[in-house]
Amino acid sequence: MGTCAANNSTSIKPSRRARGRSGGFTLAELLIVVAIILVLVAIAIPLFSGSLNQAKDAVDKANARSVKSTAFAESLRTGNEDSFTYYYVDNDNNLIDVGMDTKKIPAGTEYAYSALVGKNPDGSLSVRVDRFYPKS
């Protein structure tokens, strides 16, 4: 009396293209991913180098403030109101006073500082700090 619906159903076969793929990515898909990564890296490198330059500038300013404070304190300690001295920062970030002998600055030091302490006409002391590049 009745026919069975299961016997009359047709199965859906996958297309020929779908049967040929083994589940991996195509070359085009991989190239797109690589291109996106390269674009992101190209954007990130200038941002990173800009941050490095800002950090170096901040360290330089902090070192110059340290040189100024050290030269001023040394001038007050010795009572010498007119002095000139050289400083450099070693690998452990210590401020090293080499006096007036630039030959004591180690070879390979990127830059050093000179500090000039002088007396102003009103009797107060002032300190001038300059950064320079020692000859290797």
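Accessible areas here come from the Shrake-Rupley method with a 1.4 Å probe, and for residues only the protein chains shown count as cover. With that settled, I looked up the total: the protein exposes about 10,900 Å², and carbon and sulfur atoms supply 58% of it.

I note that this is a predicted model, in which local features need pLDDT of at least 70 and side-chain atom pairs count only at pLDDT 80 or more, while totals for chains, interfaces and linings use all residues. Residues are numbered from 1 along each chain as its sequence is written, and side-chain values use heavy atoms, with hydrogens and water left out.

**Entry: overall layout.** I looked up the secondary structure and found three helices and four strands. Helices (H or I, at least four residues) and strands (E, at least two) are DSSP runs, numbered from the N terminus. Along the sequence the pattern reads α-α-α-β-β-β-β. Of the 136 residues, 16% are buried, where buried means under 20% relative accessible area, exposed over 50%, and partly exposed in between (1.4 Å probe, protein chains only).

**Entry: aromatic pairs.** I searched the whole structure and found four aromatic pairs. Rings of Phe, Tyr and Trp (its six-membered ring) pair if their centres lie within 6.5 Å; planes under 30 degrees apart count as stacked, over 60 as edge-to-face and the rest as tilted. Tyrosine 111 and tyrosine 113 pair edge-to-face, at 5.7 Å centre to centre with 90° between the planes. Both of these tyrosines are buried. Tyrosine 111 also pairs edge-to-face with tyrosine 133, at 6.4 Å and 80°. Tyrosine 111 lies in the loop between β2 (95-99) and β3 (112-119) and tyrosine 133 in the segment after β4 (125-132), so this pair ties together parts 22 residues apart in sequence. I checked burial: tyrosine 111 has 15% relative accessibility, whereas tyrosine 133 is exposed at 53%. Elsewhere, ring pairs link Phe84, Tyr86 and Phe132 into a cluster.

**Entry: around tyrosine 111.** The charged end of arginine 131 sits over the ring of tyrosine 111, 4.5 Å from its centre. The test for this is NZ of Lys or CZ of Arg within 6 Å of the ring centre and within 35 degrees of the ring normal. I then looked up aspartate 60, which lies in helix α3 and is buried, with a relative accessible area of 16%. Leaving aside neighbours within four places in sequence, aspartate 60 is in contact (heavy atoms within 4.5 Å) with Tyr111, Tyr113 and Arg131.
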